[in-house]
Amino acid sequence: MPATVFFQCSNPDCSFRFPALPIMNRCPRCGCSLVSIPEISALADSNPRDETKLRPLEALLDNIRSTYNVGAMFRTSDGAGVSHLYLTGTSPTPDNLRVGKTALGAEFAVPWSWHANGLQAAQQIKSQGKRLWALEIGPGSSSIFQAAQQLPSEPLCLVVGNEVSGIDPGILALCDACVWIPMQGYKRSLNVAIAFGIAVYTLRYASSMSHCGKI
């Protein structure tokens, strides 16, 4: 993808400032000429990599309906080092081009598999000796920030459910724990991709943070 640069409109009554491709020459707001903003420093060729050794984490995406949510979860999984994504039911796969709109290449980096039946996939995961934790609000749910202080010794798989219906009741019955993200505002839940990101990073870094006395 061509690099973008920052522009500012030459019209002082407009002063619209925005990034765009270098071929842009007119302000999209008022039509006046643009002034390019000199780069202060070039971006690094590659982002720094965290080499911290963390416990493995997988995730099961149960009937996620939005391609953009799935794409965002792929990108988060790549950043957090999730070792596998199980896409079940109606969850779109990277074969859908719209997943790549938000995954931005992460869909090629994160191992994944698709399963028509999420309950059967969850049963298979449990048979491998892994624990299932549901990201779900309900009776018996505990704050993920508290639960993460005592992670199981077994490998862990985080389960997230449909944006409207939540997690399949059959899968929920198999889960060893239910965790939720505390909410202080009017809304009682977050967008599933946002919630997934918070949960994944909390579980991935919980053990190293607790050793440092940060949680």
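Which exposed residues does the face of H3 turned away from its buried side carry? The structure is a predicted model, in which local features need pLDDT of at least 70 and side-chain atom pairs count only at pLDDT 80 or more, whereas totals for chains, interfaces and linings use all residues. Residues are numbered from 1 along each chain as its sequence is written, and side-chain values use heavy atoms, with hydrogens and water left out.

Helices (H or I, at least four residues) and strands (E, at least two) are DSSP runs, numbered from the N terminus. Helix H3 spans residues 118–127, and Gly118, Ala121, Ala122 and Ile125 are buried in it. Seen down the axis of H3, these buried residues fall within an arc of 100 degrees, so they line one face of the helix; the arc is that of the directions from the helix axis to the C-beta atoms. The face turned away from the buried side carries the exposed residues Gln120 and Ser127. Buried denotes under 20% relative accessible area and exposed over 50%, with partly exposed in between (1.4 Å probe, protein chains only).

The buried residues of H3 pack against strands E4 (57–62), E5 (84–88), E6 (112–115), E7 (131–135) and E9 (156–160), and against helix H5 (169–174); contact means heavy atoms within 4.5 Å. At the N-terminal end, H3 is capped by Asn117, a side-chain oxygen of which lies 3.0 Å from the backbone nitrogen of Leu119. Gly129, with a positive phi near 85 degrees, follows H3.

Elsewhere, strand E1 (residues 5–9) pairs with E3 in the antiparallel sense over 3 bridges, and Val35 in E3 is the bridge partner of Gln8. Two strands pair if DSSP finds at least two bridges between them.

How values were computed. Polar contact = N/O pair within 3.5 Å; in protein donor to acceptor, adjacent residues only side chain to side chain.
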